[in-house]
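Dear colleague,

I am passing on the structure we spoke about, and my notes on it follow below. Please read them with the model open beside you.

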Amino acid sequence: MTLMGWAAARRDLGGVIFIDLRDREGVCQVVARPEVSEEAHDAADHVRGEYVLAVVGEVAARSADTVNPKIPTGGVEVNAREIRVLSEARTPPFPIEDDINTAEEIRLKYRYLDLRRPRYHRNIKLRHQVTMEVRRHYDEHGFYEIETPMLTKSTPEGARDFLVPSRIHHGSFYALPQSPQLFKQILMVAGMDRYFQVVRCFRDEDNRADRQPEFTQVDVEMSFPREETVFDITEELYVKLARLAGVEVAPPFPRLTYKDAMERYGSDKPDLRFGMPITDVSQEMKTLGLDTFPGLVDAGARCRAIVLPASSGVSGTRLRKVNEELWLGRIVPDSRASKRNLFVLKAGDDAVTNLGKKGASETVARRLLERVGAAKDDTILVGTDAEEPVSMAMGILRLEMGKELKLVDEKAFRFLWVTEFPLFGYDAKEKRYVSLHHPFTAPRDEDRHLLDTDPGKVRAKAYDIVLNGYEVGGGSLRIHESELQAKIFRILSMSDEEARDRFGFFLEALQYGTPPHGGIALGVDRIVMILAGEPSIRDVIAFPKTASFTDLMTGSPSPVRDDQLRDLGVVVIRST
């Protein structure tokens, strides 16, 4: 037989030379013995790490004392009759093995070497399996995979577009798509009925530690769906994908409204691998008998609590540090919030043991313990502020304490649908409403009357699917009426003229008989990251960018020649 691959290791043991030959499937031991072949033995003597070899030989069972149970080929070896060096190699800048301590910048500069490591072969194989499973799944459900344009019109809404100057039309630009949103909706107008695509998308965002300027999503759209239709098809897919990681999950997945998720977990993507829900204790704190809280609650503040179990062993020093770093500084840094410390209570046999003030009501204290579900020696942490900042702060505190106290079940997969998001947010700086998902999301039918009177209270037909605290998909039922779409644009402070300029082709398409439609987009990079148990999406992308969106291997982005700029009619203004 003939084997080809890279020399992962070479050992000379008293005239017998062993070579671990590696390819994408793993490692096989090659043995060069002079009594079998002098030529093969001489060739093996000159082999060095990462040489590319062709080995001709015979497969033989290893002796019992040399079997390696850690690898699939550990029971056999190849007795070499011929060894040919197909390509020599320089000494790599780091070992080609999984357990290395090399800076990411070096590994990304030599990504082609980094990718030889078994860890990345496993990840890339898993990514392939995910996309193949996606294609099979949607094909079984009658979806067509349809490609949409990579060069399209800039319709900025949210993140910045990557712009591509036109050589033919000086002064005009294409944009790389942030998503195929409008094209997939137009496919529904075209009667394509069920569409999907494994598609590259682009967003010119500021530096983010775990974001990439180009990413891959599974884009899905269908005509005449109910939310349940989208949920059922998506859940069935995620059951299949979880099995690729050896995990069984059972649909239907639990659901929470956005309002309930924020109140109970302080996040619209809660991690359900541990408990520690957040409880509103505003009335209990107001009537407990402490001077601080009645005025704050009457002024609109909310008091939210989480419970640390008695076994956690969190010290007072640690809680003071949490209070200083998390509550006072990182989350709610404004001057009003900075005067509101995290309030710490300790559960005793019957009530709270450390109220530290006479006149506090033991009856109310017992009611507070019952409300949060605290047992003896548990610690109750209470944060107080306006509803949004206190929810955010306690949600982050819950996550940090859950991880620190090792309450998170790292092997669990906990899916969740979050529904009924607000349709709009309000940008106080720009003094206007903005879309919380995108401007093509339909309002809930029961809230449509509020569009004219109180848009901030309108809920959307939008939904996210969450896994272990990560959003792994988001979608909605869409607006299919041209007049309603135009109205939404006006609420977003977009003039009719601006709407026609940016979205005229789409508004016109909606006037030619548009079916009700909706869909979802699923994040491939994030899904594979979770399935692989990796800490970063960069670990499941073959050629990722750094956190500052640079490619260290190719040296991009990079300047281009002046003649290229002249052809495009582009003038570069250099920053000083």
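A salt bridge here is a side-chain nitrogen of Lys or Arg within 4 Å of a carboxyl oxygen of Asp or Glu. Please bear in mind that this is a predicted model, in which local features need pLDDT of at least 70 and side-chain atom pairs count only at pLDDT 80 or more, while totals for chains, interfaces and linings use all residues. Residues are numbered from 1 along each chain as its sequence is written, and side-chain values use heavy atoms, with hydrogens and water left out.

The search of the whole structure finds 52 salt bridges. One of them joins Glu420 to Arg459, whose closest N and O atoms are 2.8 Å apart. This pair links distant parts of the chain, 39 residues apart, with Glu420 in the loop between β16 (415–419) and β17 (424–427) and Arg459 in the loop between β18 (432–435) and β19 (462–467); helices (H or I, at least four residues) and strands (E, at least two) are DSSP runs, numbered from the N terminus. Glu420 is partly exposed, at 22% relative accessible area, and Arg459 is partly exposed too, at 26%, where buried means under 20%, exposed over 50% and partly exposed in between (1.4 Å probe, protein chains only). Through shared partners, salt bridges join Glu227, Glu420, Arg444, Glu446, Asp447 and Arg459 into one network.

Another salt bridge, at 2.7 Å from N to O, is formed by the side chains of Arg273 and Asp271, both of which are buried. In helix α4, Glu133 and Arg136 also meet in a salt bridge (3.5 Å, N to O), and they are separated by about one helical turn because they are 3 residues apart.
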